[in-house]
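The entries below follow the order in which I looked things up.

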Amino acid sequence: MMGIMMLIIGIVITVVAIDAMRHRVLFKMGFRNIFRRKTDTVIVILGLLVATAIISSSFTVGDTMDNWIESEILGEWQETDVTVYNTTIQGGYVPVNYHTYLRLKSDIMEADNVGDVVGEVHGRVSVFNPDSLLSSSDIRTIGMDLQESDKFGDFTTNGEPFEPYLDDGEIFIDTKLADDLEVEEGHDLYIFSLGYPQGRFYTVRYIIDNHGRAAFNGPEKVIMNFNDSQMAFGIPGQVNYIRVTSVGGVEGGLRYSDQIFEDIEGILEEEPEYRVLEARGNKNEVMTGFKDMMSMFTDLFFVFGSFVIIAAIILTINIFVMLGEERKSEMGMSRAIGMKRSHLRRLFSYEGIFYAGGASIIGTFVGVGIAYIIFYVLEDIFAVFGGDISLLSFFNFTSESLIMAFSAGFLLTMITILFSVNRISKLNIVRAIREIPEPPVSGKSKKLFYLSVAGLFLGSVMILAGMDINQAWLPITGVSLIIIGIGTISRRWVSDRIAYTVVGILLLVWWLLPPEVLPVFEDYSAGLEMFILSGLFLVTAGILIIMLNGTVITGVLEKASGSRKGSKAVVLSAISHPLKEKFRTGMTMFIFALIIFAIIVMSMIVGIFDTNMDRMIEEQSGGYQILALTAWDRPIDDIQQEIMQSDLNINDFRKIDSASMGMVTTIGEDGTSGMNSIIAVDSNFVNNNTFGFTEYLDDYDSVEAVWEAVMSDPALMVTNDPGGDFGPPMPGAVQLNSTVTFVNSDGTPIEKRVIGFMDQFIVRGYFISKESAETDFNITANNLFFMSVGDQVDPDEMGRDMEREFIMYGFQPIVIDTIFKEVMSAQFMFFNLFTGYMGLGLVVGIAGLGIISLRAVHERRLEIGMMRAIGFKRRMIRYVFLIENSFVTIAGIVLGSLLGIGVGWLLWYDGFKAMGWDFYIPWTSIITIGIIAYSAMLLTAIPSANKASRVSPAEALRFD
């Protein structure tokens with residue numbers, strides 16, 4: 001892609017250079033214009049660099065994310081390239097005999113590019129420090145043959161490698177776990193595991209760095225010797241995890257990972273004893289998967305930044321239209337003495353290519369700075385979850401990304417400039433010299449008629465294409481183009497005001513219609529492109545209505561101006577000019593309205609979520625406050641009995657329900673397979689939970705009837721709504737009344753039918769009865785708990801007390817309210833980050849208005865002189881310019897706000913109303929955004945207003 005863009009730029013520059021050599025005089029004139037007004041040149045370049053800056057920032061975000069992922073994956077996997085293991089239904093690892101492992105190791109070593117193979121024992125333990133009384137559940141523990149695994153890297157402590165050795169009863173722990181538990185070398189820790197359910201003391205021999213051999217699978221881990229780990233997990237003489245390294249090293253091994261992974265898959269199929277294991281981990285595949293996932297995050301910045309790019313494009317058009325108007329008389333005289341339109345296009349093109357080049361170079365590096373600010377903010381978002389990752393330490397940009405950003409920005413700017421130049425060159429010589437405005441395009445213009453017909457044809461094609469591929473944006477955009485095309489053609493018989501006002505109203509109605517009014521599009525897919533398109537068409541519609549009804553607006557403002565001496569003259573003078581310059585004013589107003597629209601929509605979404613937070617938590621919690629898991633190998637058979645035998649008070653609890661969770665292979669009707677959770681529940685859970693359903697079969701008349709069917713019929717189940725707005729999607733493309741095939745541990749297929757979708761994402765999986773789980777999958781252990789406490793009990797404090805009391809079970813409590821608010825807080829921070837990113841568009845609009853205002857003083861010097869000559873005082877001139885800028889800004893802000901509220905209402909009506917959520921308009925945010933935008937506009941408008949008020953009437957009239 002970079003090569004293609006560079007080739008295009010090379011062709012453009014070469015063509016321009018050759019053409020400039022043939023027209024040296026025009027080239028010199030264009031080059032001279034750049035240095036005639038240095039301040040104007042700086043202002044123009046600042047206006048043009050914005051689009052490049054947004055593109056550059058998106059690429060830099062992507063580079064940084066890639067650098068972060070590569071560093072994290074390579075840091076965690078180190079020398080390991082492929083892992084071989086399998087999981088039990090309960091979630092543990094399937095062990096194999098040590099002799100079987102040795103034969104498998106020998107077979108794998110014969111594969112190409114394999115460096116070494118090592119067998120290990122992996123599991124989870126709970127750790128308690130009796131000195132600090134601190135504990136941690138669910139800590140990864142790895143049992144190693146420390147001599148056999150030396151090819152997988154070194155162990156280091158304080159950055160220094162050492163020769164590893166562990167006696168029975170000794171362990172290594174990493175620095176993260178040591179900090180969490182406040183442990184030092186030589187201290188004893190109490191560890192609970194399957195082999196030692198009552199716990200056993202271990203002595204910390206070394207506190208090791210999370211690097212090299214110890215880095216695999218991230219921080220917070222315990223390292224044991226091989227024999228000790230087999231006893232700790234109850235699998236003497238066995239291994240349950242195999243790691244394979246290639247001959248390529250930490251980074252070089254990526255090129256061998258796929259080949260080794262495929263070879264191992266073939267080896268495992270050769271022997272029946274091997275088939276209990278699977279090739280599960282592939283370093284290169286993990287790296288690629290994470291990059292693909294994070295590319296979605298990068299794409300979001302580009303999508304939201306597209307509003308700013310559009311604003312920048314419009315600003316570019318406005319700037320060159322302004323330059324054309326400013327030089328109109330000069331160009332008219334040039335045409336009068338023999339210069340052709342093609343010469344004018346060349347003149348501006350030569351000038352524009354310098355502007356585009358300079359703006360693209362500067363914008364590329366400005367974008368890098370914007371990306372740095374983005375990651376500075378992201379660090380605060382990560383801190384919400386207690387993350388200690390410094391994203392700024394991974395900040396990175398590549399030369400390829402900089403070249404791509406420059407190329408894209410340059411080409412985009414040049415295309416926009418050429419469009420503007422083509423419009424500028426079509427001037428009438430007499431009107432240009434006398435500075436008479438160009439007449440509007442006739443309604444009977446053949447060119448406009450052909451363009452309208454082309455729009456009708458394109459709209460029809462888009463409708464048919466959208467119906468074929470079920471993409472909503474195509475037919476909705478197609479209908480919009482048809483509305484515009486018909487409106488433009490109708491100018492042959494009706495006035496522009498009537499034609500385009502009707503077009504604007506129809507577009508507003510079309511884009512703000514609730515989906516239920518047009519059920520034909522109900523099953524069509526739609527994404528963020530609808531957000532962008534709705535903004536473009538709605539704002540265009542609003543601008544058409546405003547600009548074509550100038551007389552109405554003028555009349556209203558005239559009456560509102562009062563009877564104070566001179567006030568009507570000031571207001572009418574201030575409003576008449578922007579309404580006369582419809583194209584330039586409409587473009588400027590469009591920038592403000594589009595960006596305000598995008599920001600208000602985001603604010604509406606945040607406001608609706610925030611207002612309905614408590615309702616959301618209540619719905620998602622199902623009437624519970626604490627969700628808890630135990631280690632797979634240490635379930636709690638009777639948690640109520642355990643509570644009564646502990647220091648906890650059973651009377652502090654209102655509900656305590658137990659469930660069993662396991663992982664089972666599933667195959668959907670579409671053939672999609674994967675590992676999914678089974679949640680086995682009993683009648684207590686069914687009677688106590690208040691989880692809602694988004695949908696269930698018509699065979700059942702209530703939620704209670706659905707649960708009753710699940711409990712009585714082992715072939716039925718319920719699951720999470722796969723089309724829900726929150727949480728990861730359920731694999732398998734499950735549909736209501738569809739059948740899912742489960743594969744039992746002995747390979748037996750078991751079919752179950754989905755009869756309802758639960759309206760919650762806290763616990764995701766397939767909900768079946770405990771009786772069915774025991775019979776079909778041998779899932780019996782109680783390892784998932786739903787609890788609620790009394791009104792006088794703090795759930796967070798109870799969660800900490802239970803974790804401490806039940807450390808031997810690896811008890812992991814999750815306080816639903818707390819974790820939910822933390823997640824939503826981070827979500828709001830992301831929304832605010834994107835809002836701030838789009839807020840750059842306001843900078844574009846304000847800067848554009850400031851540029852145009854400053855240049856307008858020079859362009860309207862004669863007009864100002866005449867106003868002063870007929871009695872306008874300096875303060876009146878100042879007010880004229882301030883009111884003029886205020887009109888454009890306030891109209892854009894109000895229009896964008898109203899349209900943003902409209903789309904926010906549509907999102908609520910389409911997605912949240914059915915959930916019983918309240919609609920909310922964040923008036924405080926809207927008013928604050930408006931005040932900030934207007935205040936910033938004043939800072940740029942006041943200098944131009946003051947400059948205009950200082951124009952001398954005599955000098956201005958002599959200037960003519």
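I count a salt bridge when a side-chain nitrogen of Lys or Arg is within 4 Å of a carboxyl oxygen of Asp or Glu. The model is predicted: I used local features at pLDDT of at least 70 and side-chain atom pairs at pLDDT 80 or more, while totals for chains, interfaces and linings take in all residues. Residues are numbered from 1 along each chain as its sequence is written, and side-chain values use heavy atoms, with hydrogens and water left out.

**Entry: salt bridges**

I found 16 salt bridges in the structure. I looked up glutamate 120, and its partner is arginine 243, with the closest N and O atoms 2.6 Å apart. This pair links distant parts of the chain, 123 residues apart: glutamate 120 sits in strand β3 (residues 114-129) and arginine 243 in strand β12 (residues 241-246). For such elements I take DSSP runs numbered from the N terminus, helices being H or I of at least four residues and strands E of at least two. Both glutamate 120 and arginine 243 are buried. My cut-offs are under 20% relative accessible area for buried, over 50% for exposed, and partly exposed in between, with a 1.4 Å probe and protein chains only.

Next I checked arginine 205, whose side chain meets that of glutamate 170 in a salt bridge of 2.8 Å, N to O. Here too the pair links distant parts of the chain, arginine 205 in strand β9 (residues 200-208) and glutamate 170 in strand β7 (residues 170-174), 35 residues apart. Is arginine 205 buried or partly exposed? I list arginine 205 as partly exposed because its relative accessibility is 31%. Glutamate 170 has a relative accessible area of 16%, so I list it as buried.

I then noted the salt bridge between the side chains of arginine 491 and aspartate 496, at 2.5 Å from N to O. Arginine 491 is buried, since its relative accessible area is 8%, whereas aspartate 496 at 27% is partly exposed. I also noted one network, in which salt bridges with shared partners join Lys176, Asp180 and Glu220.

**Entry: surface patches**

For patches I take residues with over 30% relative accessible area and no salt bridge, joining like charges within 9 Å and nonpolar side chains (Val, Leu, Ile, Met, Phe, Trp, Tyr) within 5 Å. The areas come from the Shrake-Rupley method with a 1.4 Å probe, and for residues only the protein chains shown count as cover. Asp and Glu count as negative and Lys and Arg as positive, with His and the chain ends not counted. I place each charge at NZ of Lys, CZ of Arg, CG of Asp or CD of Glu.

I found a negative patch made of Asp258, Glu262, Glu265, Glu269 and Glu285. Which helix gives the most to the negative patch? The answer is α8 (residues 254-270), with 4 residues. Glutamate 265 is in helix α8, and I call it partly exposed because its relative accessible area is 40%.

The nonpolar patch I noted covers about 500 Å² and consists of Trp493, Val494, Ile498, Val502 and Leu506. Leucine 506 belongs to helix α16 (residues 496-512). Its relative accessibility is 43%, so leucine 506 counts as partly exposed.

**Entry: strand pairing around β15**

I call two strands paired if DSSP finds at least two bridges between them. Strand β15 (residues 653-667) runs antiparallel to strand β22 (residues 784-789), and 6 bridges join them. Opposite lysine 655 I found serine 788 of β22. β15 also pairs with strand β19 (residues 739-743), again antiparallel, over 3 bridges. There, isoleucine 667 has threonine 741 of β19 as its bridge partner.

**Entry: positive phi**

Most residues other than glycine have a negative phi. Glutamine 78 is not a glycine, yet I read a positive phi of about 50°. Glutamine 78 lies in the loop between α3 (38-77) and β1 (80-85), and it counts as buried because its relative accessibility is 13%.

Asparagine 737, also not a glycine, has a positive phi of about 70°. I located asparagine 737 in the loop between β18 (716-720) and β19. With a relative accessible area of 38%, asparagine 737 is partly exposed.

**Entry: whole chain**

Last, I looked up the totals. The protein chain has 32 helices and 23 strands. Of its 960 residues, 52% are buried. Its C-alpha atoms fill a box of roughly 105 × 65 × 55 Å along the principal axes.
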